[in-house]
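User: I would like to go through this protein one question at a time. Please show the sequence and structure to start.

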Amino acid sequence: MRIARTITAALALAFAATVIAPAAPAAAQSSQQVTKPKKKIVKRPVRSSPRQIACTEFGCHPIPPNCRPQTGYRWDGMPSGFDVVVCR
């Protein structure tokens with residue numbers, strides 16, 4: 001009978017400790033927070049004009065901002081079907 005009371009008391013103590021323990025850090029944390037944290041300012045990226053693409057003999061690639069594509073010509077003056085990148 002004495003062993004049953006001891007086991008019951010130990011289980012009751014363990015149950016009480018598990019119920020009260022998680023509430024203790026939450027109570028301590030709420031007392032430490034006095035003011036609301038400031039909102040973080042989010043800077044949105046500036047939209048630039050879409051980059052141009054030139055299809056050269058080596059494939060289609062975006063070209064630098066100060067450049068532009070022009071029609072490429074073969075040695076005999078006929079259009080080659082590819083672009084030539086011309087930069088300033």
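**Disulfides, strands and a surface patch**

Analyst: The torsion about the S-S bond of C67 and C87 is about 100°, so this disulfide is right-handed. C67 belongs to strand 3 and C87 to strand 4, so the pair ties together parts that are 20 residues apart in sequence. Note that the model is a predicted one.

User: How far apart are the sulfur atoms in the disulfide of C67 and C87?

Analyst: A disulfide is counted when two cysteine sulfur atoms lie within 2.5 Å. The disulfide joining C67 to C87 has an S to S distance of 1.8 Å.

User: Is C67 buried or exposed?

Analyst: A residue counts as buried under 20% relative accessible area. The relative accessible area of C67 is 10%. C87, its partner in the disulfide, is partly exposed at 47% relative accessibility. By the cut-off, C67 is buried.

User: Which residue in strand 4 stands opposite C67?

Analyst: Strand 3 (residues 67-73) and strand 4 (residues 79-87) run antiparallel and are joined by 6 bridges. In this pairing, the residue of strand 4 opposite C67 is C87.

User: Which residue in the hairpin of strand 3 and strand 4 takes a positive phi?

Analyst: This hairpin has 5 residues between the strands. A phi near 95° is found there, and the residue that takes it is G77.

User: What is the handedness of the link of C55 and C60?

Analyst: C55 and C60 form a disulfide with their sulfur atoms 2.0 Å apart. C55 is partly exposed at 30% relative accessibility, and C60 is partly exposed at 49%. The angle about the S-S bond is 110°, and the link is right-handed.

User: What is the pairing of the bonded cysteines, numbered in sequence order?

Analyst: The structure holds 2 disulfides. One of them is formed by C55 and C60, and another joins C67 to C87. With the bonded cysteines numbered in sequence order, the pairing is 1-2, 3-4.

User: How many bridges join strand 1 to strand 2?

Analyst: A hairpin joins these strands through 2 residues. Strand 1 and strand 2 (residues 59-62) run antiparallel, and I53 stands opposite P62 in strand 2. The number of bridges joining strand 1 to strand 2 is 4.

User: Which residues of strand 1 point to one face and are buried?

Analyst: The side chains alternate along strand 1.

User: Leaving aside neighbours within four places in sequence, which residues is T56 in contact with?

Analyst: T56 is found in strand 1 (residues 53-56). T56 has a relative accessible area of 18%, which makes it buried. Contact here needs heavy atoms within 4.5 Å. With those neighbours left aside, T56 is in contact with F82, D83 and V85.

User: What is the area of the nonpolar surface patch made by I3, I7 and L11?

Analyst: One of the three residues named, I7, is found in helix 1 (residues 2-20). I7 is partly exposed, with a relative accessible area of 48%. Together, I3, I7 and L11 make a nonpolar surface patch of about 340 Å².

Terms used. Residues numbered from 1 in each chain as written. Predicted model: local features only at pLDDT ≥ 70, side-chain atom pairs only at ≥ 80, totals over all residues. Heavy atoms only, no water. Pairing = 2+ DSSP bridges. Patch = residues over 30% accessible without salt bridge, like charges linked within 9 Å, V, L, I, M, F, W, Y side chains within 5 Å. Areas by Shrake-Rupley, 256 points an atom, 1.4 Å probe, with all protein chains shown as cover. Salt bridge = Lys/Arg side-chain N within 4 Å of Asp/Glu carboxyl O. Buried < 20%, exposed > 50% of the residue type's maximum accessible area, 1.4 Å probe, protein only.
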